[in-house]
Amino acid sequence: MTMTTPSPMRVDIARQPDMLAAFAARAEGFAALGRKVLAPGDGGRLWITGCGDGLFAAIAASRWATECGLDWRPIGAMDMVLAAHRLRPSDRVIAISMSGNVDRTVEAARAVAAAGVTMLALVNGNGGRLGEIAGAKISLDLADIAPFLCGTASYTATLTALLALAAGAAGRNPPDLAAPIAAQRAALAASDDAFAGLAVPTGVRVLSADNDIGTAQYGTAKFVELTRIPAWSGELEEFAHSQYWAMPTQDLVVVLAGDAALAAYADESCAALGELEVATLAIDTLSTPVARATRHITLPDVPPSLFALAACVPLQILANTLARASGLDPDTRTHLKSDAQRFKVSRMLTRRSLLGTGA
């Protein structure tokens with residue numbers, strides 16, 4: 001009998017519901033640290049800084065944090081470097097980096113520390129250089145499935161941790177994860193059938209609004225990391241004013257709709273794009289249908305503020321599917337490292353401490 005080795009990336013994607021269930025046991029610990037370290041003073045704001053997936057997760061968490069009553073400010077690490085001198089003593093900062101060694105996030109943390117503002121590092125492991133700078137740190141303690149995988153479970157864990165930290169900072173309880181877990185399981189069960197027969201598009205556009213712009217940006221990053229397909233994210237309305245005019249009609253447009261009002265606008269957009277025979281994919285819920293999209297991943301109902309925890313799963317599977325359909329291996333991403341000069345420059349741009357290590 002022939003044994004097939006499971007795809008590490010698919011294993012990483014598939015473990016997310018169980019990981020969320022396990023996180024529920026730790027959520028109060030994250031919330032307690034949020035109460036202790038992150039509750040802003042009078043007039044204070046809670047800034048969340050990082051790069052890539054960390055920043056996307058901070059944006060995706062913004063609706064929940066705002067509903068908790070926080071003045072929640074996601075900000076890129078570069079912008080934090082430039083703006084740290086304007087922080088108030090009553091502000092608090094979360095700096096995110098799984099390795100703790102992303103150059104700009106480390107610089108941002110140094111700038112925050114120099115401003116004398118209370119800061120917590122959200123990391124995975126010992127926290128590297130970031131962990132040495134921040135006054136407090138907490139680790140996701142999420143074991144890697146394989147080296148050099150793109151972030152899937154780590155993204156969901158980061159987002160979940162931010163939701164719990166925000167709840168604590170606001171004096172609230174962590175969110176109930178039952179609905180997002182059920183929605184993730186539904187996404188895992190439905191995605192492969194939904195993507196069957198999907199032709200490799202000339203480009204992918206991931207559109208949404210509000211906090212799910214973070215999810216759209218996250219999904220786009222997965223296409224960039226796993227495929228050579230051009231990919232963009234954008235706000236649903238602004239797409240029509242900018243990207244649309246240069247978009248090949250063979251592109252795939254993905255809309256994320258976990259909010260009823262947004263779903264109505266997304267449905268109108270999908271109907272309009274259908275006039276040009278542009279393929280559209282809606283990731284929606286039973287209560288937020290985008291009926292006129294070409295394809296659907298319809299999830300069980302989940303609160304809009306937690307929709308991001310589930311909507312990321314079909315995007316991960318779609319990126320994995322298109323990578324394989326393009327002849328690339330999403331488990332090793334050798335197409336990135338095989339271009340030695342481009343890989344070296346990527347480290348020069350973001351992680352100089354890793355130059356020459358092959359990591």
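This is a predicted model: local features need pLDDT of at least 70, side-chain atom pairs count only at pLDDT 80 or more; totals for chains, interfaces and linings use all residues.
Guide: Residues are numbered from 1 along each chain as its sequence is written, and side-chain values use heavy atoms, with hydrogens and water left out.

Visitor: Why is T160 called buried?

Guide: Buried means under 20% relative accessible area, exposed means over 50%, and partly exposed lies in between, with a 1.4 Å probe and protein chains only. T160 has a relative accessible area of 2%, so the word buried applies. T160 lies in helix α9, residues 153–169, where helices are DSSP runs of H or I with at least four residues, strands are DSSP runs of E with at least two, and both are numbered from the N terminus.

Visitor: Which residues is T160 in contact with, leaving aside its neighbours within four places in sequence?

Guide: T160 is in contact with L20, F23, L177 and L309, contact meaning heavy atoms within 4.5 Å.

Visitor: What makes F23 and F30 an aromatic pair that is tilted?

Guide: Rings of Phe, Tyr and Trp (its six-membered ring) pair if their centres lie within 6.5 Å, and planes under 30 degrees apart count as stacked, over 60 as edge-to-face and the rest as tilted. By this rule the count comes to 5 aromatic pairs. One of them joins F23 and F30, with 5.0 Å centre to centre and 50° between the planes, a tilted pair. F23 counts as buried because its relative accessibility is 10%, and F30 is buried too, with a relative accessible area of 1%.

Visitor: Why is the pair of Y244 and W245 called edge-to-face?

Guide: The ring centres of Y244 and W245 are 5.1 Å apart and the planes stand at 75°, so this pair is edge-to-face. Y244 is partly exposed, because its relative accessible area is 25%, whereas W245, at 70%, is exposed. Together with F239, Y244 and W245 form one aromatic cluster.

Visitor: How do you know that the charged end of R172 sits over the ring of W64?

Guide: A charge sits over a ring if NZ of Lys or CZ of Arg is within 6 Å of the ring centre and within 35 degrees of the ring normal. The charged end of R172 is 5.9 Å from the centre of the W64 ring. R333 lies over the face of F148, at 4.2 Å from the ring centre.

Visitor: What is the order of the 5 strands in the open sheet?

Guide: The order is β2-β1-β3-β4-β5, with parallel pairing, and two strands pair if DSSP finds at least two bridges between them. The edge strands are β2 (72–76) and β5 (136–139), each of which pairs on one side only. Within this sheet, β3 (residues 92–96) and β4 (residues 118–123) pair in the parallel sense over 5 bridges, and R92 has T118 in β4 as its bridge partner.

Visitor: What is the phi of D141, and why is D141 called exposed?

Guide: Most residues other than glycine have a negative phi. D141, which is not a glycine, has a positive phi of about 55°. D141 is placed in the loop between β5 and α9 and counts as exposed because its relative accessibility is 57%. D210 also has a positive phi, near 55°, in the loop between β6 and α11, and its relative accessible area of 52% is why D210 is called exposed.
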